[in-house]
Amino acid sequence: MAGKPRHRSLLVILLASWAAGCGQPATKTIDLTLAGRRIQVEIAATPEMRSRGLMGRQSLPPDSGMLFVFPERSRQCMWMKNTVIPLSVAFLDAQGGILNIAEMAPESRQLHCSEGLVRYALEMNAGWFGKNAGGTGQRITGLDLAPRPE
(Lines give C-alpha, C1' and ligand atoms only; values in the text may rest on other atoms or scores of the structure.)
Protein backbone atom coordinates (compact mmCIF):
# COMPACT_ATOMS: atom_id res chain seq x y z
CA MET A 1 0.00 0.00 0.00
CA ALA A 2 2.86 2.40 0.76
CA GLY A 3 4.12 2.25 -2.87
CA LYS A 4 0.84 3.34 -4.47
CA PRO A 5 0.88 7.03 -3.40
CA ARG A 6 4.45 7.41 -4.68
CA HIS A 7 3.50 5.94 -8.05
CA ARG A 8 0.46 8.16 -8.22
CA SER A 9 2.58 11.25 -7.38
CA LEU A 10 5.12 10.29 -10.03
CA LEU A 11 2.33 9.81 -12.56
CA VAL A 12 0.87 13.24 -11.70
CA ILE A 13 4.30 14.88 -12.11
CA LEU A 14 4.90 13.14 -15.44
CA LEU A 15 1.46 14.09 -16.76
CA ALA A 16 1.91 17.72 -15.63
CA SER A 17 5.31 17.88 -17.34
CA TRP A 18 3.88 16.42 -20.53
CA ALA A 19 0.90 18.80 -20.48
CA ALA A 20 3.16 21.81 -19.90
CA GLY A 21 5.09 20.90 -23.04
CA CYS A 22 1.99 20.47 -25.20
CA GLY A 23 1.15 23.42 -27.41
CA GLN A 24 4.69 24.78 -27.10
CA PRO A 25 6.73 22.74 -29.57
CA ALA A 26 10.49 23.03 -29.38
CA THR A 27 11.51 25.92 -31.58
CA LYS A 28 14.38 25.33 -33.99
CA THR A 29 16.90 28.15 -34.24
CA ILE A 30 19.46 28.92 -36.92
CA ASP A 31 22.10 31.58 -37.43
CA LEU A 32 21.76 34.02 -40.32
CA THR A 33 24.08 36.77 -41.52
CA LEU A 34 23.01 40.21 -42.68
CA ALA A 35 25.47 42.99 -43.53
CA GLY A 36 28.25 41.06 -41.76
CA ARG A 37 26.21 40.75 -38.57
CA ARG A 38 25.30 37.34 -37.13
CA ILE A 39 21.72 36.98 -35.92
CA GLN A 40 20.01 34.04 -34.28
CA VAL A 41 16.44 33.36 -35.33
CA GLU A 42 13.68 31.04 -34.26
CA ILE A 43 11.96 29.30 -37.15
CA ALA A 44 8.20 29.54 -37.73
CA ALA A 45 7.64 27.01 -40.54
CA THR A 46 4.29 25.46 -39.58
CA PRO A 47 0.91 27.18 -39.91
CA GLU A 48 0.50 27.12 -36.12
CA MET A 49 3.93 28.64 -35.47
CA ARG A 50 3.46 31.30 -38.16
CA SER A 51 0.07 32.16 -36.66
CA ARG A 52 1.47 32.45 -33.10
CA GLY A 53 4.69 34.25 -34.06
CA LEU A 54 6.03 36.28 -31.16
CA MET A 55 2.68 36.65 -29.38
CA GLY A 56 2.91 36.62 -25.62
CA ARG A 57 6.64 37.38 -25.47
CA GLN A 58 7.75 40.15 -23.15
CA SER A 59 11.11 40.78 -24.82
CA LEU A 60 13.41 39.69 -27.62
CA PRO A 61 17.19 39.42 -27.07
CA PRO A 62 19.44 41.72 -29.12
CA ASP A 63 20.37 40.34 -32.56
CA SER A 64 17.62 37.71 -32.27
CA GLY A 65 14.36 37.35 -34.12
CA MET A 66 11.87 35.05 -35.77
CA LEU A 67 12.02 33.85 -39.37
CA PHE A 68 8.66 33.03 -40.94
CA VAL A 69 9.08 30.46 -43.71
CA PHE A 70 6.22 30.30 -46.23
CA PRO A 71 5.37 27.26 -48.39
CA GLU A 72 5.65 29.17 -51.66
CA ARG A 73 6.40 32.62 -52.98
CA SER A 74 3.41 34.83 -52.24
CA ARG A 75 2.41 38.25 -51.00
CA GLN A 76 2.37 38.18 -47.20
CA CYS A 77 1.06 40.50 -44.52
CA MET A 78 1.92 40.65 -40.82
CA TRP A 79 0.16 42.21 -37.83
CA MET A 80 0.83 42.61 -34.11
CA LYS A 81 -2.30 41.26 -32.42
CA ASN A 82 -1.36 40.05 -28.90
CA THR A 83 2.28 41.07 -29.44
CA VAL A 84 3.64 43.56 -26.91
CA ILE A 85 7.18 43.96 -28.29
CA PRO A 86 7.62 46.70 -30.92
CA LEU A 87 9.05 44.96 -33.99
CA SER A 88 10.44 45.55 -37.45
CA VAL A 89 9.69 43.07 -40.22
CA ALA A 90 11.75 42.54 -43.36
CA PHE A 91 10.07 40.76 -46.26
CA LEU A 92 12.56 38.56 -48.14
CA ASP A 93 12.53 37.00 -51.59
CA ALA A 94 13.55 33.37 -52.15
CA GLN A 95 17.23 34.34 -52.35
CA GLY A 96 17.15 36.31 -49.08
CA GLY A 97 16.98 39.77 -50.62
CA ILE A 98 15.08 42.36 -48.57
CA LEU A 99 12.14 43.69 -50.60
CA ASN A 100 10.78 46.04 -47.94
CA ILE A 101 10.87 46.72 -44.21
CA ALA A 102 7.98 47.82 -41.98
CA GLU A 103 7.94 49.11 -38.42
CA MET A 104 5.13 47.55 -36.37
CA ALA A 105 3.54 48.97 -33.22
CA PRO A 106 2.60 46.62 -30.35
CA GLU A 107 -0.96 45.31 -30.06
CA SER A 108 -1.91 46.66 -33.49
CA ARG A 109 -4.08 44.96 -36.07
CA GLN A 110 -2.72 47.19 -38.83
CA LEU A 111 -1.50 45.06 -41.73
CA HIS A 112 2.09 45.42 -42.93
CA CYS A 113 2.45 43.75 -46.32
CA SER A 114 5.23 42.69 -48.64
CA GLU A 115 5.75 44.76 -51.77
CA GLY A 116 6.19 41.63 -53.86
CA LEU A 117 6.30 37.85 -53.72
CA VAL A 118 8.26 36.59 -50.71
CA ARG A 119 9.36 33.26 -49.21
CA TYR A 120 10.36 34.67 -45.81
CA ALA A 121 9.59 37.39 -43.30
CA LEU A 122 12.10 38.24 -40.59
CA GLU A 123 10.93 39.96 -37.40
CA MET A 124 13.50 41.72 -35.21
CA ASN A 125 13.32 44.33 -32.44
CA ALA A 126 11.97 47.67 -33.68
CA GLY A 127 14.56 49.72 -35.56
CA TRP A 128 17.04 46.84 -35.86
CA PHE A 129 17.25 46.89 -39.65
CA GLY A 130 17.79 50.66 -39.81
CA LYS A 131 20.57 50.49 -37.22
CA ASN A 132 22.34 47.37 -38.46
CA ALA A 133 21.50 46.43 -42.01
CA GLY A 134 20.95 49.44 -44.17
CA GLY A 135 17.68 48.60 -45.86
CA THR A 136 16.14 47.16 -48.96
CA GLY A 137 18.37 45.35 -51.41
CA GLN A 138 20.54 43.80 -48.69
CA ARG A 139 20.82 40.00 -48.76
CA ILE A 140 20.51 37.63 -45.81
CA THR A 141 22.61 34.47 -45.93
CA GLY A 142 22.05 31.18 -44.14
CA LEU A 143 18.45 30.68 -45.24
CA ASP A 144 19.39 27.31 -46.76
CA LEU A 145 19.51 26.00 -43.15
CA ALA A 146 15.85 26.84 -42.55
CA PRO A 147 13.51 23.85 -42.58
CA ARG A 148 10.98 23.58 -45.36
CA PRO A 149 7.55 24.86 -44.35
CA GLU A 150 4.45 22.76 -43.79
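Predicted model: local features only at pLDDT ≥ 70, side-chain atom pairs only at ≥ 80, totals over all residues.

**Exercise 1. Salt bridges**

Task: State how many salt bridges the structure holds, and describe the one between Asp-63 and Arg-37.

Solution. 
Step 1. Side chains of opposite charge can pair when their charged atoms come close. The structure contains four salt bridges.
Step 2. In the pair Asp-63 and Arg-37, the closest N and O atoms are 3.0 Å apart. Asp-63 is located in the loop between H2 and E3, whereas Arg-37 belongs to strand E2 (residues 37-44), so this pair ties together parts that are 26 residues apart in sequence.
Step 3. Asp-63 has a relative accessible area of 22% and is partly exposed. Arg-37, at 33%, also counts as partly exposed.

**Exercise 2. Two further pairs**

Solution. 
Step 1. The limits needed here are under 20% relative accessible area for buried and over 50% for exposed, with partly exposed in between.
Step 2. Asp-31 has a value of 32%, so Asp-31 is partly exposed. Arg-38 has a value of 52%, so Arg-38 is exposed.
Step 3. Arg-139, at 43%, is partly exposed, while Asp-93, at 17%, counts as buried.

**Exercise 3. The nonpolar cores**

Task: Identify which residues of the largest nonpolar core touch the most other members, and which elements give two or more residues to this core.

Solution. 
Step 1. The largest nonpolar core has 21 residues, and those touching the most other members are Leu-32, Val-41, Ile-43, Leu-67, Leu-92, Leu-122 and Phe-129.
Step 2. Two or more residues of this core come from each of strand E1 (29-34), E2, E3, E5, strand E8 (118-125) and H3.
Step 3. Another core, of 17 residues, lies apart from the largest one; Ala-44, Met-49, Phe-68 and Phe-70 are among its members.

**Exercise 4. A buried residue**

Solution. 
Step 1. With a relative accessible area of 0%, Leu-34 is buried.
Step 2. Leaving aside residues up to four places away in sequence, Leu-34 touches Ile-98, Trp-128, Phe-129, Ala-133, Gln-138, Arg-139 and Ile-140.
Step 3. Gly-142 is 108 residues from Leu-34 along the chain, yet their C-alpha atoms are separated by 9.2 Å.

**Exercise 5. The largest pocket**

Task: Give the volume of the largest pocket and describe its lining.

Solution. 
Step 1. The largest pocket holds about 240 Å³ of space. Its lining consists of 17 residues, of which Arg-50, Ser-51, Phe-68, Met-78 and Trp-79 are the closest to the centre.
Step 2. At least two lining residues each come from helix H2 (47-52), strand E3 (64-74) and strand E4 (77-78). H2 gives the largest share, three residues.
Step 3. By type, the lining has nine nonpolar, four polar and four charged residues.

How values were computed
Residues numbered from 1 in each chain as written. Heavy atoms only, no water. 1 Å grid on protein atoms, 1.4 Å probe; cavity = no way out; pocket = protein on both sides within 12 Å on 5 of 7 lines; lining within 4 Å. Points joined across faces, edges and corners; volume = space filled by probe spheres on them. Helix = DSSP H or I, 4+ residues; strand = E, 2+ residues; numbered from the N terminus. Nonpolar A, V, L, I, M, F, W, Y, C, P; charged D, E, K, R; others polar. Salt bridge = Lys/Arg side-chain N within 4 Å of Asp/Glu carboxyl O. Buried < 20%, exposed > 50% of the residue type's maximum accessible area, 1.4 Å probe, protein only. Core = buried A, V, L, I, M, F, W, Y, C linked by side-chain atoms within 4.5 Å. Contact = heavy atoms within 4.5 Å.
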